[in-house]
Amino acid sequence: MDDPYHNNVNQQMTEGGDYTYTQDGGGQDGYPYQTDYPPQDEDAASDATEGADEDDQMYEGEYQGIPHPDEIKEARRAARVEARRKARMAAQQEEEEESLPEQYETIMEDCGHGRFQWMLFFVLGLALMADGVDGFMVGFVLPSAEKDMCISNADKGLLGLLVYVAMMVGALVWGGLCDKMGRRKCLIYVLTIDLVFSFLSCFAQGYGFFLFLRFCSGFGIGGSIPIVYTYFTEFLQMDKRGEHLSWLCMFWMFGGLYASFTAWGIIPHYGWGFAIGTHLQMHSWRLFILVCLFPALAALIGLVFMPESPRFLLENARHDEAWMILRQVHDTNWKAKGEPERVFTVTNIKTPQTQEDEFIEIQSETGTAFQRWTVRKMTMRIILVFSTHASNPSVCISYHGLGVWFPDMIKYMQYEEYESKVRIFHRERVERFHFNFSLVNQIHREGEYIHDKFANIEIKSVKFESSLFENCYFEDIKSTNTFFENCTIKNTVFYNTDLWQDKFKNCRMENATFLHPKKGCHLNFQEENDIVIYMVSFLGSLAVLPGNIISALFMDKIGRIRIIGGSMLASSACTFLLLLSFSQGAVICWQCLFYGVSVAAWNGLEVISVELYPSSKRGTAFGILNGICKFAAIIASSIFAAFIGITKIIPIFLAFAALVCGGMVALKLPETREKILS
C-alpha cells in the first residue's frame with residue numbers, strides 16, 4: 001500500500017478557503033509537500049505557527065476531517081469577543097438600572113421641599129389621623145354600646161378583637177395591593193371603605209350587624225398606615241426624610257386627642273340623641289361615631305387633588321406620567337418660593353426594565369407549580385423574619401399591652417374604692433315607706449319590705465339577698481347592676497321599670513305583676529367613671545407630643561438606630577416605675593411618662609421600615625410588618641388584661657423583656673440615614 005505521506009503532493013488553497021493537492025516531483029527539505037499560503041502579517045504568522053516549527057506546516061489530520069487549528073483559534077477568538085460584548089451590554093444595563101435611585105434622588109433635590117410636600121403632608125396626615133381615631137373609638141363606644149344593644153360580658157370583647165383582626169388583615173392586603181395598583185388609588189379605596197361602613201354602623205341596631213360593619217371599616221382603615229408612609233416617602237429627598245416622616249407620625253397622636261376630646265364632649269350627653277321612627281334610636285355614642293368620620297372624609301377630599309407617586313410610576317414603566325408629576329412638584333415648589341422662572345430641566349429618566357423579580361415570582365413557563373409555590377413561601381418567610389427583627393412586635397407588645405393595662409387598672413382601682421364604700425343592711429324591716437331617693441352601692445340581706453313604694457328613683461349597684469317584698473309598688477325605676485337573689489316577691493306590682501327576668505335570680509314569685517316593662521337594655525344618663533377614662537386617654541395621647549418633637553428634630557442628626565434603641569431601652573426602665581402604682585394618679589403619671597419616651601421608637605421604626613425595602617416591595621413589606629404589629633397587639637392586650645386585679649409583676653416583666661430584647665435587636669439593624677431609596 002502507498003503511504004500518502006511519501007507521495008509528491010502540492011498543497012494549494014482556493015478562494016473559498018479549501019485546500020487542493022497535486023502531485024509534484026519532489027521537495028528540497030525532504031518533505032513531499034510544498035504549501036502555497038497567502039501572504040500573512042508577521043503577527044498573524046506568529047499566531048498560526050505558535051508551538052510548532054517554522055518548516056512544519058503540514059496538518060496531519062486533514063484527511064481525517066479534523067478542523068484545522070487555525071479555525072479552532074479563530075472560533076475561540078470570536079467567542080471571546082462575543083462574550084466581552086455581552087458582558088459590556090449587561091454591565092451597561094445594570095449601571096442604568098442602578099442609576100435610577102441616584103437620578104431620582106437628584107431630581108427630588110432639584111424639585112426642592114416646599115408647598116407641594118406640605119400639602120401632601122396634611123392630606124396624608126388626616127388619613128393617618130383617621131386610623132388613630134378608629135383605634136381609640138372602640139374603647140369609648142363599648143361601654144355605651146353594650147348597654148344600648150344588650151351585649152353580654154362574653155360578647156362585648158368581640159368588638160375590640162374583631163376591629164384589630166380586621167386592621168391586621170387590611171394592612172396585609174392593602175400593603176401588597178399598593179405595590180401593584182398604586183399608592184394613591186389604594187388609599188382612596190381604603191378611606192372610602194372606612195367611610196361607608198363606619199357611616200352605616202351608626203344606624204345598626206343589632207350587635208351582629210354592628211360587628212360586621214365595624215369589621216369592614218377596620219379592614220379598610222387598616223391599610224392606611226403602610227400606604228401613607230410609603231406614599232409620602234417617595235416625595236421626600238434623603239436629607240428631609242427622617243424629620244418629616246417623624247412629623248407625620250404626630251397625626252396619629254392628633255387622632256387620639258380628637259377621639260378623646262369628642263368622646264368626652266358627646267357620649268355622656270344622653271339627651272343629644274334622637275329617634276328615627278320607633279325602631280331606630282340614635283343615642284349620643286352613635287353621634288360620636290359620625291363625628292369621628294370627619295378626618296377620613298377630609299383626607300379623601302384632599303387626596304382627589306393629589307397625584308400618584310412618580311417612583312411607583314417609574315417602577316411600572318409609566319415614564320411620561322412620572323415626568324409630568326415631577327414637573328408639577330418642581331413648578332409648585334419654586335413658584336411658591338418666588339422663582340417661577342426656574343425650568344424643570346430633566347429630559348430623560350432612566351427606567352428599569354419591567355420584569356417580575358425572579359425572587360418573588362417564577363414565570364409560568366419556568367419551573368413546576370410546586371417550585372413556584374415554594375419560592376413564594378420562602379420569600380414570605382424571609383420577609384416575616386426580617387420584619388420580626390425590625391423590633392416592631394416588641395414595641396407593640398409593650399405599648400398596646402400597657403395601653404390596655406393602664407385604663408383597666410384605673411377601672412379596677414375605682415371598683416375597689418367603690419366596693420370599699422358599700423353599705424350593708426342586715427335584717428332591716430321597712431313598712432309603709434316611700435322610697436323617693438336613689439339607692440346606690442348597697443347590699444340588703446334578709447330584709448323585709450311591707451307595703452313600701454319605690455317610685456321615680458335610680459337603683460345603682462344594689463343587691464337584695466334573701467329578702468321579702470310583700471304588697472310593694474315599683475314605678476318608673478331605672479336600675480344599673482342591680483339584682484334580687486333568693487328573694488320572695490308577693491303581691492307586688494312593677495310598673496314601667498327595667499326590672500325584668502334577668503334581674504331576679506332564684507327568686508320566688510307569688511302574684512307579682514309586671515306592667516309596661518322596659519324590656520331590653522337602657523343607657524344611663526351619665527357614668528361617673530366615664531370622665532376619668534376620657535381624661536386618661538386624652539392625657540396619654542397628649543404625653544407623646546414631647547417625644548414626637550424630639551424624635552423629629554434628631555432623627556436625621558443622630559440616626560434612626562440610636563433613636564430606636566435608646567427609646568426602647570429607656571422605656572424598659574420606665575416599666576419598673578409601674579410597681580409604684582398605688583393610686584390612680586400614679587398610674588396616670590407613669591402612663592404619660594411611658595408614652596412620651598416610647599413614641600420615639602415608634603417614629604424611628606416607621607422611618608427605617610420604608611427605607612430598608614426597595615420601591616417595588618415597600619408597601620408589601622410595610623403591610624406585613626404592620627400586620628405583625630397588630631397581631632402582637634391582640635396577643636398582648638389579652639395577656640395583660642387577664643392579670644388585672646391579680647398581679648402587676650407579670651405584665652411589667654413582659655413589657656420590660658419585650659422592650660429590652662427589641663432594643664438590643666434594633667441596635668444591630670443597618671443605619672439608613674444616608675441611604676438612597678432603592
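This is a predicted model: local features need pLDDT of at least 70, side-chain atom pairs count only at pLDDT 80 or more; totals for chains, interfaces and linings use all residues.

Visitor: Which residues in α8 meet which residues in α9?

Guide: On the α8 side you've got Y258, A259, T262, A263 and I266, and they meet S284, L287, F288 and V291 in α9. Meeting here means contact, that is, heavy atoms within 4.5 Å. Residues are numbered from 1 along each chain as its sequence is written, and side-chain values use heavy atoms, with hydrogens and water left out.

Now the geometry. Helix α8 covers residues 238-266, and its axis runs 10 Å from that of α9 at an angle of about 150 degrees. (Helices are DSSP runs of H or I with at least four residues, strands are E runs of at least two, and both are numbered from the N terminus; axes are lines fitted to C-alpha atoms, for helices over the stretch in contact, with angles from 0 to 180 degrees between N-to-C directions.) The pair is therefore roughly antiparallel, a label for angles over 145 degrees, while under 35 is roughly parallel, 65 to 115 roughly perpendicular and the rest oblique.

α9 (residues 284-291) has another partner, α3: their axes come within 9 Å and cross at roughly 150 degrees. That makes α3 roughly antiparallel to α9, but this crossing is left-handed. Here M137, F140, V141, S144, A145 and D148 in α3 meet W285, R286, F288 and I289 in α9.

Keep an eye on F288, which takes part in the packing with α8 and with α3. In the largest nonpolar core, with 127 residues, F288 is among those touching the most other members, along with L124, L187, L191, Y229, L248 and L303. Helix α3 (residues 115-148) gives the most to this core, with 16 residues. Such a core is a set of buried Ala, Val, Leu, Ile, Met, Phe, Trp, Tyr and Cys residues joined through side-chain atoms within 4.5 Å; buried means under 20% relative accessible area, exposed over 50%, and partly exposed in between, with a 1.4 Å probe and protein chains only.

Methods. A crossing is left-handed if the near helix is turned anticlockwise from the far one by less than a right angle, and right-handed if clockwise.
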